[in-house]
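Here is a short briefing on a protein structure. Take a look at the sequence and the 3D view before reading on.

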Amino acid sequence: MSEKKTKRRDFLFTATYAVGAVGVGATVWPMIDQMNPDASVKALASTEVDVSAVNPGKTITVLWRGKPVFIRRRTQDEIAEARSVKLDDLKHPETDEDRAKNPEWLVMLGVCTHLGCVPLDQKGDYNGWFCPCHGSHYDTSGRIRKGPAPTNMEIPKYEFVDANTIKIG
Amino acid sequence: MSGHEYIPKSKVGKWFNDRLPLLTLANHLTDYPTPKNLNYWWTFGGILTFCLITQIVTGLVLAMHYIAHADMAFDSVEHIMRDVNYGWLIRYIHANGASMFFLAVYIHIFRSLFYGSYKSPREIIWIIGIIIYLLMMAAAFMGYVLPWGQMSFWGATVITNLFSAIPLVGEGIVTWLWGGYSVDNPTLTRFFTLHYLIPFLILGLVVLHIWALHVPGNNNPVGIDIKKPSKDTVPFHPYIVIKDGFALLMFMIVFAFFVFYTPNILGHADNYIEADPLVTPAHIVPEWYLLPFYAILRSVPDKLLGVVAMLSAILILAALPWLDTSKVRSAVFRPLYRQFYWILVADVLILGYVGAMPAEGLYLLIARVATAYYFLHFLVILPVLGLKEKTVPVPLSITEPILGGSPNLATAKNKESLNN
């Protein structure tokens, strides 16, 4: 092969394969991409929630993009507990200040980062959440403290539209 | 394949067979020389074919009444149970049929492990079998999602989330699998489509599995190569047909017991509650046939490594023909392997048990030890045992131990020269 010179025919083969590969790719991609979230699913991207009826120490769960979102109005004890934890003690270090801009309100995806179950409120070794599926314990800031989950529960994009309304997404 | 030319007796038969040799194939299948010492553990191939056909036929009928939509799936299953003529029977056969299918496939796999059926020259049969087994698990999992009960929904959530353990692209893959940001209607419709497709893929692989089997012929309890046809073989029909038929009848009695007397014992009560994305059931447990692998997943404290361990536990089986270094096939002549075999059986049963228990305390410890032993068996014990073990002399033929009397020095010498 090494002594063989590149000929016109080799060029034609290579060019044919290249064009063929592009053609196959262009045909296969729509077949794959059709499985991704469609326009109607993406259209449900944001939800507004009225939180005026939520008292301190209560959690409400709302559905956003088919997933539960926990909105917890935390007590002063819970805030103090969450803010007193040293970052070195955390598996996934995040400060409570970053997770809850308004310390009274914790808004997070109620989805265990292990395999997607919904953790139970006010349970577990850290007074936060406990996932019944595979035993992950979360603290009052929704941070993973013990168990197989790799990261803290996710904080979605949200904002206070006014004092009583949270817009998620 | 059988090496002899077949000529149909009738003129029409000959005319047809010259154009499409279907009758030659039928003749090959009836005359196919089979070892005459096959025991009842060899009847599960036929039983599994029966299971596959049962699932395809009942599934086809259920699909005429089932509606694959998140708002209607649960109700349509209840409609099948209450309103459709014999719907309860057909659905119970299909649901319990899945369990019976796995029961039979586990016996079939452990038969191969005991008698060394995966060894040369039958590696391809074995690997096709492992692919069939993987497809069976995929079909069973997706089928369990279709009734859209609580276990359906949360089982689907947990299993699809396994892919999120893949670094970088994991989350994207999960969203792609779901067709949304959670398990929802798009997930249900694609699972229904795939659940309908997979059995036919399995059917195609079964044809290849049997084709590959008919090249070297059946292994047998003695595990030696035999001449075909010879006094060591009998024709498939009627000898094996009758034996398989009898075993199938016995199997159907067990099957019918579950369908008519305890149709829900293998399922989970939570699946009679409609799927609710806001509430996870207190204990998520997969179907019994997946429990050993579930135990392996949970025994590893790291998410990615847990998934890797679980997949490896299945895929390691494909490498078995090369991990087992022993030249002797049947465990009958391998006194040490025989003991390790039964330890492995116990190990898998223990994994299945702890898989159904909460992953904490003593259960977790047992799961970890059993997981470690599972891999130890395949990666260390089998390769070393093949080199170290002193095996018992194997007979020259199936009939020799019966007709040839006690083994003497001459036959033993003869054997060694044959083995080398």
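Leaving aside its neighbours within four places in sequence, which residues is B:L320 in contact with? This is a predicted model. In it, B:L320 is in contact with B:L113, B:Y118, B:W126, B:F378 and B:L382, once neighbours within four places are set aside.

**The setting of B:L320**

- B:L320 sits in helix 13 of chain B, which covers residues 320-323.
- B:L320 counts as buried because its relative accessibility is 0%, and the cut-off for buried is under 20%.
- B:V369 lies 49 residues from B:L320 along the chain, and 21 Å separates their C-alpha atoms.

**Where chain B meets chain A**

- On chain B, 25 residues are in contact with 25 residues of chain A.
- The size of an interface is often given as the accessible area lost when the parts come together.
- For chain B and chain A, the buried area is about 2,200 Å². Carbon and sulfur atoms give 64% of that area.

- Between chain B and chain A, the count of salt bridges is zero.
- Nine residue pairs are in polar contact between chain B and chain A, with both residues at pLDDT 80 or more.

**The side of chain B that touches chain A**

- Helix 7 (150-161), helix 8 (170-178) and helix 11 (291-299) of chain B each supply at least two residues to this side.
- Helix 7 of chain B gives the most, with four residues.
- By type, the residues of this side are 14 nonpolar, eight polar and three charged.

How values were computed:
Residues are numbered from 1 along each chain as its sequence is written. Chains are lettered from A and ligands numbered from 1 in the order in which they are written. This is a predicted model: local features need pLDDT of at least 70, side-chain atom pairs count only at pLDDT 80 or more; totals for chains, interfaces and linings use all residues. Side-chain values use heavy atoms; hydrogens and water are left out. Contact means heavy atoms within 4.5 Å. Buried area is the accessible area (1.4 Å probe) that two parts lose on being put together, summed over both. A salt bridge is a side-chain nitrogen of Lys or Arg within 4 Å of a carboxyl oxygen of Asp or Glu. A polar contact is a pair of N or O atoms within 3.5 Å; within protein, one must be able to donate a hydrogen and the other to accept it, and residues adjacent in sequence count only if both atoms are side-chain atoms. Ala, Val, Leu, Ile, Met, Phe, Trp, Tyr, Cys and Pro count as nonpolar, Asp, Glu, Lys and Arg as charged, and the others, Gly among them, as polar. Buried means under 20% relative accessible area, exposed over 50%, partly exposed in between (1.4 Å probe, protein chains only).
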